[in-house]
Amino acid sequence: MIHVLKQLTRTSCCQPTLRRAVSCAAMLVVVSGVSYAQDRVYVRQGTTAQGSITELTPAKVTIDVRGKEQTYQLKEVRKITFDKEPIQLDRARDLALEGKYQQALEELRGIQRGSLEGRVQQDFDFYQWYCEGSQSLLGSGDQMAAIKGLVSIDKANPNGHHRFEVKELLGRLALAIANYDTAKKFFEALDQSPDAQQKASSIYYTGLVLFMQGQTAEAKAKLKSLLSATASSPEMGRLKLFAAVLDLRCENEMGNSQAALDELNAMADREDNTDLPLFAKINNARGDCYQKLNQPQRAAYSYLQTDLLFFTDPESHAEALFHLKKLLVAVGEPAKAAQAGERLSKQYASSPWKNKK
Amino acid sequence: MLLSHGFAENANAGEPYRRFLQKLREERLFDLALVYLEDSQKRSGVDQEFLSAVELERALLYFDSALLLSPKAPQRAEKLNETEKNLRKFIDQPSKHPRRSEARLKLGALLQLRAEEAIKLAGPKKDSGVAEAVKFYDAAHKLYEEAITELAQIENELKGARVDPQDKDKIAYRNQVRIEIREAQLYAAKAIEDRGRSRASEDPQRKADVEKAIELYSSLYLKESGLAGIRTFALLYRSGAQVFVGKTEDAIDGYQRIIDLENADLLRPVQFTALNELVQILASQEKYQPAVERAEAWLSKLRPDERDSSEVLRLQITHAKSRIQWMKKLKEEGETKIASRLDKAVRSDLRLLLRAGGDFADEAKEILSSMGASGTEDKASLEVPKVKNLTEALEESQKRMEDADAESLNIAMMEEQINAAGGQEKQDLTAQRNAQQSQIDQVREVAIEILKAGLLKYDNKKDDRTQLFAARFRMAYLLLKLGDTREAIVVGEFLSRTSPGTPQGLNAGSVVLQGFRDLLNRKDVEPMSVMAELAPYAEFLVATWPQSAEAVAASGALAQLAINAKDWDRAEKNLGILPTSSPGVGKHYFDLGAALYDQYRKMLAEKSTDEAAMIAVRDRAAKWLQLANDNVNTEEAPLVLGSARALAQIRLAQNQTDAAVKLMLDGDKAPMKWLDSKLDQISPASAMEAYRTAMQVVVQQVVEDKVDSDSATKTILGYVAKLQEVGEKSDDDRKRMLAIFSAMATDLKEKLAQLDSTKKRSQLAEVLMVVVEVAAKSDVVSTKMWGAGTLVALAEGTEDKGNSTPTSEKAFAKAKDILQKLVDTNAKQSGYIPANSLNLVRSQYARAAEGMKDYTGAIKMYAEILDENDAFLEIQMSVARVLQKSAQSNPSYYKSAIVGARPNPKTQRNVFWGWGKISQVTNGKMDVFAEQFFEARYQLAYCRMMFGMSMNAKERTKELTAAEKSIAETRGLYPNLGGPEDIKRYDALLKQIQKELGK
C-alpha cells in the first residue's frame, strides 16, 4: 500500500490530464479505506483478473474487480492465487501445473501450515496431497498418505474449486491399488463437472476401470459415447485417442486380436509420435495383442518401443517393464530381462506393476 | 564408419521406424530388430526411402549380431552369410541407391573379416601363406575400387558450380561423398597390404603388395589435409607396413608423428596404438629405457574414461613385456636391485590388469605365470601398523588383501605346474607353494589385526556406519580365506541379518554361503547337521532377498540334500519358498522333478502293485518338471530338453497327448524346434532319447487320429534319420543308438498291446511299416536292425492271441527279408553286423520265421546261437515254444519240447534244453527267474497233456497223470505261483487235464 502511494505521488506532479484522472481514482480508492484484495484469477486466454473472490465453486469463480463482478468458468482458468498467500505456495502451484511434483512438494515444505487460513490453507492442503498422490503414481510418493489426505479434503471441502481434480486423482489412486469399485465411484463423479473434458475423462477412466475388472463388453459400451463425440478441444481429442486404444484392447481381450492389431498399427502410422503417452499406450496394446497371438518376439519389441522411446508416461512404462521381464527371457535375452525387472523395482517402487505376478 | 545417407525421418508423423530400429541396434537386440524390420516392410506407413534400404539394414543387423558371437559358434557363419547375401542383393539393385557405397564398404569389411578368420584357422604363421585370405583381401580390394569409381563419378557431378551454394543438403551430400572416397581409398590400401602379408614368404608379390600399400598411404597422408582421422590412420598403417618391409626408422618417425599430435582428443586411441607399436620396436632394438619412459609418460596421465579401453590395456601389456625383457638384461649385467624394483612394479601392474577380465586378463595371467613366484618377502606386509582411525585401518587392510588375493592367483598357477611336474621338481614346487601359502595366510592375519584395531577406534558419533560394515565384512571374508569357517559364518550372518534388503547384506550372505559350502566339503562334518544349520538362514535369505542368486543357491542346496535322501516333502518345502521368478531356480525344479520321475520309472520297472503311490509320485514329478520347463530359459538347452522329455512321457501316461505334443513338438520351447541347431550343447544320449520320445508322441497322435498317416510317416522318418546321424558319431554312441532302437521297438510293441481295437492296431502298424521300410533302406546296419526289430514287434503286437493275422504275417515277412539280407551280407563280410548284435539279429530272424510258420528255419537259426552258447534262457524258451508249435503237425515234438533235443557230440547233453531243464535251471534262481520258472512248469504240464492226448490209452493216462502231478507239485510248493493270472491259468489247465482223465 505504501508502495502504491509513492507511485501516485510522483505521477500526480508531472502528468497530463488523463493520467491525473486515473491517479485520482486510484487515490480515492486508497483514501476511502476499501481493502485492495490481491486475489488473482489467471485465465488461459486474456488478462489476469485481480480483485476479491466472492464465489468459488467446482464450476466457476467470481471475482470482484474494483466493484465489478467478473465470472469465469473454471475450464477457462489456468490458476487462482489468493491474497496474503506465501510465495512458495504459488511456486508450488506452478510447478505442479508443469508436472514437477517433487519440486512442488519441496516448496510446500517451506511453509508453516499453521500460519495459513481459509482458502489459502485449503489450497495448501490440496497441493500437498495432490502432488504427493501424483508423485506416487510416478512411482515414488507416499500413496496411502496421499489417499488419506485427499479423502479428507474431499470431505472437508466438497464444494471447493479443486473438487473434480480431487475426484480424478482419487480415482486414479484407487485404480493403482486395484480398488476398482472405489475408483469407479470417483470417476463417475467427474461426470457432474460442467467441463466437457472432465466429462470425457469420466467416461475414459470408467471404461478403463471396467477393462481392468475384465468387463470388456461393458468397457466397450462405456467408451462408445466418447468415441463418437466431437472433440471440443485438443485435450479432449487426445482423450478420444486414448479411448480408441482402450477400445482396441477390449477387442483384443474379446478374441479379435488381429483386427485390433491392424487398427493399432494404422493409428501408429497416422498419429503424431511426439504424443509420447499415446504412443506408449498404443505400443503396450500392441504388445498385448501379440501375446494373445502367441508371438513373443513381436510382443517384446512392442513393449520395448515404449521402454526405449516413449517412457515418459510412468504407468505405461511400468506396464511395459513388467511384460519385458518375462518376454525377454522367452526370446533369449535373460540379462536384459533381469535389467527390466530391476528398473521396474527401482523406478516404480510404488507401482502395482512391481508386485504383479 | 560412415554417415548414413538415409533421409531424415519426419519427427512427428507416424511410427518412428528408423529411430526404433537404431535403438534396438544400440541395445544389441539384433534378433528382435530383424523381426521388426521384416514386419515394417508390410506396414502402410513406412516411407519409400526406408523400404528401399531394407536389405542394407538387414545386412547391417546380421553383421553386428555375428560380431558378438564367438568365431566357433555355428550361428556366426550363418549370420555372416546372410550379411553377404543381403549386401550383394542391395548392391546389385538396378537403380543406384545413395547408400550403395556404404554397402560396398561394409561388404569389403566383411570380406576382410573372413580373411582374418581364414588366417586364424590356418594356425600360427606359416611361410606358405593363406590362399583363402589372399582371395578375400583381393575381393575386398576390388569392391573398394568399385566404390571409389562410383563415388568419384558422383563427386564429379556435384563439383563447383554444378551445385547451388545455397543448397545446403547438396553441399552436405557432396562433403559426405568426399569423406567416403577417402575412406574407400584407405580401406583399399589396407586390403592390398593385408593381401601382401597373407602371401607366401617366397612370393615376390608379397613385398610388392605391401610397398604398393605404402605408396597409397603416403599419397593419402600427403593429399588429405582436412580429414585428420584419415591422415592419421594412413600414417599408422603406413608405419606398420614399413616395419614389415624393414624400413624401421621410417616407421618410428611415423609413429612418433602420431604420438606428437596435439589437441586431437578423438584420436587418442590411435595415439595409444601408435605408442604401443613404437614401444615394441624400441624394445626389439633393446632400447629399453626410452621404450619404458615413453609408455610411462602416457600411462601416468590416463584419463578416467581411458583406463579400460582396449588400446590402453594393450599398451600396458606391451609395457610389462618390455620391462621384463629389460629386467633380464639388467640381471645379466648384475644390476639386480633395479631388476628387483622393476620386477615388483611389473607384478603389481599385471595384477591390476587381472581385474580387467577377458583376453587381457588371460595374457596378464600368462605373463605372471612365466615370471614365476616372486620369492621376495615383503616385510612391510607382515607388520601390523598403528592406525589412527577406522579409515586408515581400511586402507591398510585393503592393500594387504589385494596383495594376498593376487598372490593366491600365483598359487593357483603353481598348482597347475605341480600337477604337470613329477619327481623332485614336484617336491620342490610343492614346498615353494606351501611356503607361499603360509606367507599369504600371515598377510591375511595381519589384515585382520589391523581391522580389529580399526574397529576399536570406531567413533559412533563421528565415523561413517558404512565403514563399520565394510570393516566387519572384510573380516568375515578374511576369516573365510583363512579357513576359520565357523567364525566367518557367524560374522557374515550377523552382518546380513542386521542389513536386510541391502546389497551389502546380500554380499555378507555370499560369505555365509561360501562358509557353508566349505563346511560341507569337509570330511569331518556331518552334512545333515550342516544343512540343519543352513536351513533357517536360507529361509531368511529367501524372505529378504527373494530374487537373489544367493537365496536360490541356499534353498537349492537344501533341496538337493533332501532329494538325495528321497525326502520329497522337505525338498518341496525348500523349493516352495522361492519365488518362481528367482534366477536359476529352474535348475532346482528340474533336479527335483527328475528325481521324482526316476522314482516313478523305478516303480514302473519293478511293477509296483501300489498304483496309487506310483501315480502320486508321477503327478508330483509332473508338477516340478512343468515348473522347470516354464522357468528355465531356452539357453539352458539340456534342462529344457530334459524337462520337456520327461514331462512329455508323463503326459502321455496321463493321456494328455496335446500337452505332450506342445512340450515336444510344437510349443515355444519344444525340443523338436531347436534341437538340431543346439546338438553341440546336448549329449548324444539325451538327443537320441529326445527323438525317441518325439516318436512316441507322434505314434500316439496316429492312434488318436490327430494326425494323418502321411505326415506322421514323414515326421517319424525324420526323427529316425536324425537319431541315426547323432548315433553314428562314436562307438559308444552307436551302442547307445542300438539300445534306443531296441527300446523303440519295445515301445511300439507295448503301444500295440494297449490298443484294444484291432482296427487301430492295424492302422498304427501300417504307418510304422511304411516308416520302417523306408528306414531299412539306409546303409546303416543299426537302422536296418531297428527296422527289422520294429517289424517283429509290430507283428507280435498285431497277432491275435498268438495266432497270426494278415498284418502280422506281412510284418514278419518284411522283417525276415531284411534280416536275411543282413545275415547273408554278414556271411560274406565278417563283422558287417557288430559282434555283440549278431545274436540279436539271429533271434529276430528266428522269431520272424516262427511268425511265418517256418519252424524249421526258426529252429535252425536258434541252433546257430545255442551251439555257441546254450545258456541264453530266452532263446531256450523260444526254442521250446517253436518245438511246441511244430508238434501241431507232429506230436512227437511235444516230447522234444519237454526233454529237449539236439545232443552235443562232445558233452552228450541236449543243446535244446526243453521245458524240463528250463524249469530246473530257473528253480535255482527264483529271485530272478520266477516268471520263467512258472512259465516253464506250466508249459511242461501242457506239453505232457498234449503229448498224452496223442498217444494210446495207456500212455495217455500216464502222461496226463504226470501232467496233473506236475501241476500239483508246483502248486504245492508255490501256492501263489506268479500271481493271480498264473493261478487262473494253472487251475484251468488242471481242470482240462482232470477232464481228460475223466475226473
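This is a predicted model: local features need pLDDT of at least 70, side-chain atom pairs count only at pLDDT 80 or more; totals for chains, interfaces and linings use all residues.
**View 1. The contact between chain A and chain B.** The contact takes 23 residues from chain A and 22 residues from chain B. Two residues are in contact if their C-beta atoms, placed from the backbone, lie within 7 Å. On the side of chain A that touches chain B, α12 (257-270), α14 (296-309), α15 (314-330) and α16 (334-347) each supply at least two residues. Nine residues, the largest share, come from α14(A). Helices (H or I, at least four residues) and strands (E, at least two) are DSSP runs, numbered from the N terminus. By class, this side of chain A has twelve nonpolar, six polar and five charged residues. Ala, Val, Leu, Ile, Met, Phe, Trp, Tyr, Cys and Pro count as nonpolar, Asp, Glu, Lys and Arg as charged, and the others, Gly among them, as polar.

View 2. Residues are numbered from 1 along each chain as its sequence is written, while chains are lettered from A and ligands numbered from 1 in the order in which they are written. The pLDDT is the predictor's confidence in each residue, from 0 to 100. Chain A averages 85, and 90% of the residues score at least 70. Over residues 1-36 of chain A the pLDDT is below 50. Beyond near neighbours in sequence, this stretch has twelve contacts in the model.

View 3. Strand β3 (residues 60-65) of chain A runs antiparallel to β4(A), joined by six bridges. Two strands pair if DSSP finds at least two bridges between them. Val61(A) stands opposite Tyr72(A) in β4(A). Two residues lie between the strands of the hairpin, and Arg66(A) in the turn has a positive phi of about 50 degrees. Strand β4 (residues 68-73) of chain A lies largely in the open, because zero of its six residues are buried. A residue is buried if 20 or more other C-beta atoms lie within 10 Å of its own.

**View 4. Leu794(B) in the largest nonpolar core.** A nonpolar core is a set of buried Ala, Val, Leu, Ile, Met, Phe, Trp, Tyr and Cys residues joined through C-beta atoms within 7 Å. The largest has 179 residues; Leu794(B) is among those that touch the most other members. Not counting residues up to four places away in sequence, Leu794(B) touches Leu748(B), Leu752(B), Ala765(B), Leu768(B), Met769(B) and Ala811(B).

Notes. A residue is buried if 20 or more other C-beta atoms lie within 10 Å of its own, exposed if 12 or fewer, and partly exposed in between; C-beta atoms are placed from the backbone.
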